[in-house]
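Here is a short tour for someone meeting this structure for the first time. Take a look at it below, then read on.

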Number of protein chains: 2
Amino acid sequence: MPTQLMLARRGEVTLLMQRVAEKELADPEFVRAEVAAGRLVIPANVRRSCARPVGIGARFACKVNANIGNSPLRSGAEEELAKLEVAAAAGADTVMDLSTGDGIAAIRAAVLEASPVPVGTVPIYEAVARAGEPEALTAEGLLDVIVEHASQGVDYMTVHCGILREHLLSAEKRLMGIVSRGGAILAAWMRSRGRENPLYERFDDLLAIAAEHDVTLSLGDGLRPGCLADASDGAQFGELETLAELASRAQAAGVQVMIEGPGHVPIDQIETNMRRQARLCRGAPFYVLGPVVTDVAPGYDHITSAIGAALAAAYGAAMICYVTPSEHLGLPDIEDVREGVIAARIAAHAGDVAKGLRGARAWDDAMSKARRELDWEKQFALALDPARARAFFGEERETAPNPCSMCGPRFCSIRIDRSSQALHGASPAADEGDGEA
Amino acid sequence: MPTQLMLARRGEVTLLMQRVAEKELADPEFVRAEVAAGRLVIPANVRRSCARPVGIGARFACKVNANIGNSPLRSGAEEELAKLEVAAAAGADTVMDLSTGDGIAAIRAAVLEASPVPVGTVPIYEAVARAGEPEALTAEGLLDVIVEHASQGVDYMTVHCGILREHLLSAEKRLMGIVSRGGAILAAWMRSRGRENPLYERFDDLLAIAAEHDVTLSLGDGLRPGCLADASDGAQFGELETLAELASRAQAAGVQVMIEGPGHVPIDQIETNMRRQARLCRGAPFYVLGPVVTDVAPGYDHITSAIGAALAAAYGAAMICYVTPSEHLGLPDIEDVREGVIAARIAAHAGDVAKGLRGARAWDDAMSKARRELDWEKQFALALDPARARAFFGEERETAPNPCSMCGPRFCSIRIDRSSQALHGASPAADEGDGEA
């Protein structure tokens with residue numbers, strides 16, 4: 001069966017492209033052209049259909065992914081399904097099942113069955129779980145797992161194909177070394193075997209599997225920086241060049257592809273990082289994890305990453321992977337998942353507004369109008385998280401139009417300004433122009 | 001008694017300047033020169049000494065202010081003192097008592113007595129509370145309150161001197177109008193009286209009071225945008241020009257002065273806003289409220305503002321006013337205060353790193369080193385909020401070096417990378433250079 005990319009190149013506007021166009025308020029032909037150009041991916045395994053397909057690309061609304069999945073120390077299928085439900089309800093556009101603990105295949109099957117959004121995985125985790133340790137991996141074992149995931153209906157997969165032996169020396173000079181699990185596993189394998197990354201060497205086989213099922217490849221950044229000190233270094237940018245080459249090869253084979261990005265990056269390096277990826281990868285969608293803009297706030301990395309992600313989105317990141325408050329400390333629980341999705345959605349929307357996405361600011365303007373009207377019910381309805389907004393407002397309302405407990409009726413700036421204008425009418429025009437903006 | 005600014009101009013390095021220099025790891029003579037140039041303020045009323053004096057200026061660490069104070073609908077002195085304690089413990093560099101409810105003077109006296117950090121106020125609130133309504137204000141009544149605050153030991157005061165009649169028409173074209181309480185009060189007064197802003201007309205009297213007590217003036221932005229749609233408009237920038245003129249007059253009179261800034265500003269307009277203020281106000285410290293980068297997330301405005309504040313700080317904001325999760329919905333409670341301070345401190349530090357403040361990244365690097373060593377106790381000790389980090393880590397440790405519950409021991413990238421390197425030694429050098437950064 002042809003992939004969305006193959007069909008787009010033939011000039012076909014598929015049903016999925018139409019659905020994406022509707023959701024994005026875009027012209028279906030534009031969606032097709034962006035898919036054909038490799039600037040938009042629609043992760044949708046031919047074996048599975050999900051209720052909320054998404055298009056991921058810089059010229060569209062920035063998307064949010066939520067990672068779920070158990071670890072050897074915590075959580076089972078039920079809790080992961082609950083996380084899925086919370087993530088989807090909070091507005092996650094995709095989920096990734098990163099399970100590494102017991103019953104990986106069963107959890108994935110349940111997630112694929114239940115998820116209303118595209119599902120991604122990182123097959124190397126299951127391959128290592130089977131092999132027992134990183135060094136015991138084989139290329140065949142890894143490809144077997146990838147085939148299984150693809151056959152099961154996984155929509156996109158992170159594959160760390162770009163970390164090569166030539167990059168390792170650079171990574172060894174780092175403060176934090178390799179913090180990507182996939183990257184660390186493959187580095188350990190390459191060091192112990194003295195051979196090249198099997199996912200790189202067998203990339204054509206990988207492409208054949210991906211093309212058969214229209215699995216979107218998410219080229220993992222095994223060398224993403226794990227702290228500010230390691231950002232934008234030779235290891236990171238060396239791998240990025242390899243990822244760009246592989247993205248071209250994937251597109252040539254008709255395989256949809258996106259590029260994963262950092263990580264931990266100080267604010268002043270984010271624009272450069274985004275522009276470099278866009279140039280090297282010729283607009284292939286950039287899927288970023290954060291970036292976290294300071295290392296000092298464990299327990300609040302949904303905030304440190306929202307700062308970086310908002311900037312990244314403003315510069316064209318196509319999808320943000322959420323970071324939860326428990327990042328760097330433990331496996332997220334259900335409330336962490338919710339907080340993480342909301343923080344990432346804030347970043348994505350702030351980025352959409354900043355990049356001038358058509359229609360993005362209308363949401364803000366509607367909220368502002370409701371605020372000016374002191375229409376609290378409308379504010380709650382428009383809020384990114386209505387229940388939270390309502391809870392903070394509490395029970396302190398008075399007569400309409402209601403002030404909140406922050407200022408009370410006498411010190412409500414909106415009420416004062418409105419009633420004063422109503423009483424005294426418009427002010428006279430200033431002598432000088434006031435239109436500078 | 002001469003102000004710090006007067007003394008700095010005479011070439012004197014005061015005790016306060018020395019203390020600021022120690023805290024900032026700066027040369028005392030540099031601190032003096034920055035104060036003399038009007039680029040650094042040390043808010044310190046001559047009637048009061050506080051345990052943790054601070055210097056506020058773009059070439060130093062970005063500071064964080066926490067607003068406390070009751071409203072007519074909520075809270076009394078005890079709760080406000082509890083907020084003060086929490087804010088100071090969480091690392092707020094200054095607090096502002098914005099009380100508008102019962103017992104304003106008594107709460108302020110208690111705050112001044114208890115606060116280890118400089119205290120700011122907005123005297124117009126008390127003036128309106130006494131007058132009964134904005135239109136009943138008089139210039140004398142307002143100046144009386146200002147004298148009382150100054151005599152009581154208030155270190156800095158927000159005075160909305162820059163909102164003029166000529167700006168009002170522009171503000172009336174806005175989606176949100178005037179959202180600053182001080183701004184709305186003065187606009188209502190000007191509309192009803194048909195006269196100019198009394199704080200502008202009596203600015204020389206105000207300067208005399210400020211000079212006598214070395215009260216730092218924080219020139220309030222009564223026309224700060226209250227939504228994205230109103231950002232960077234004629235009203236905001238018109239007032240900013242007036243604030244720049246007034247800042248010059250204040251400095252000429254030996255009065256320390258800073259400029260307050262927005263508000264609600266989309267990400268793509270923040271750099272311009274910061275550069276404009278720095279140019280017009282010739283480097284006078286910029287004290288920003290947020291900016292909030294999207295209007296749609298009530299309940300999470302500590303995050304929407306941390307995004308904007310981090311960017312603002314990166315571009316030289318000297319102080320960030322915290323925004324709490326309850327912003328736009330109600331008066332913050334004690335937990336909101338704590339969350340607000342932490343989010344603002346994250347933004348300030350991320351900005352310090354981005355602007356290349358000497359020594360700022362050492363904190364991040366120390367944390368990263370502790371992470372690489374899987375030294376959890378050191379990570380907690382270095383965390384911006386140690387208690388929170390420890391709580392998330394939970395009870396799931398194993399034998400040292402302990403992995404967290406996110407990956408468990410088998411999938412810990414740090415453990416895999418470290419043990420693989422230990423086993424196999426350094427990788428051979430790559431053929432090509434890896435030094436591009």
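Buried area is the accessible area (1.4 Å probe) that two parts lose on being put together, summed over both. With that in hand, a word on the ground rules. This is a predicted model, where local features need pLDDT of at least 70, side-chain atom pairs count only at pLDDT 80 or more, and totals for chains, interfaces and linings use all residues. Residues are numbered from 1 along each chain as its sequence is written, chains are lettered from A and ligands numbered from 1 in the order in which they are written, and side-chain values use heavy atoms, with hydrogens and water left out.

**Where the parts meet**

Let's begin with the two chains. Chain B and chain A bury about 10,200 Å² between them, and carbon and sulfur atoms give 63% of that area. In terms of contact (heavy atoms within 4.5 Å), 126 residues of chain B touch 126 residues of chain A.

Three residues, A:I342, A:R345 and A:H349, supply 73% of the area that domain 1 of chain A buries against domain 2 of chain A, more than any other three residues.

What about salt bridges? The term stands for a side-chain nitrogen of Lys or Arg within 4 Å of a carboxyl oxygen of Asp or Glu. The rule finds two across the interface of chain B and chain A, and two across the interface of domain 1 and domain 2 of chain A. Here are a couple of pairs with their N to O distances.

| Residue | Partner | N to O distance |
|---|---|---|
| A:R191 | B:D417 | 3.1 Å |
| A:E339 | A:R388 | 2.4 Å |

Helices (H or I, at least four residues) and strands (E, at least two) are DSSP runs, numbered from the N terminus. Buried means under 20% relative accessible area, exposed over 50%, and partly exposed in between (1.4 Å probe, protein chains only).

How many residues of strand β3 (residues 63-68) of chain B are buried? Six of its six are. In a regular strand the side chains alternate between the two faces of the sheet. Here, B:K63, B:N65 and B:N67 point one way from β3(B), while B:V64, B:A66 and B:I68 point the other way.

Two strands pair if DSSP finds at least two bridges between them. β3(B) runs parallel to strand β4 (residues 94-97) of chain B, with four bridges joining them, and β3(B) also pairs in the parallel sense with strand β10 (residues 319-321) of chain B, over three bridges. B:N65 has a bridge partner in each: B:T94 in β4(B) and B:C321 in β10(B).

The path from β3(B) to β4(B) includes helix α4 (residues 77-90) of chain B, making a right-handed β-α-β unit. Right-handed means that, with the strands pointing away from the viewer, the path from the first strand over the helix to the second runs clockwise.

**Strands in chain A**

Over in chain A, β8 (257-261) and β9 (286-289) pair in the parallel sense over three bridges. A:F286 in β9(A) is the bridge partner of A:I259. The chain crosses from β8(A) through α13(A) to β9(A) in a right-handed β-α-β crossover. β9(A) also pairs in the parallel sense with strand β10 (residues 319-321) of chain A, over three bridges, and A:V288 has A:I320 as its partner there.

A few loops deserve a glance. The peptide bond from A:P262 to A:G263 is cis, with omega near 5°, and A:G263 sits in the loop between β8 and α13 (267-280) of chain A. In chain B, a cis peptide bond joins B:G290 and B:P291, with omega about -5°.

Which residue has a positive phi of about 75° although it is not a glycine? That is B:H328, found in the loop between β10 and α15 (334-354) of chain B. B:H328 counts as buried because its relative accessibility is 17%.
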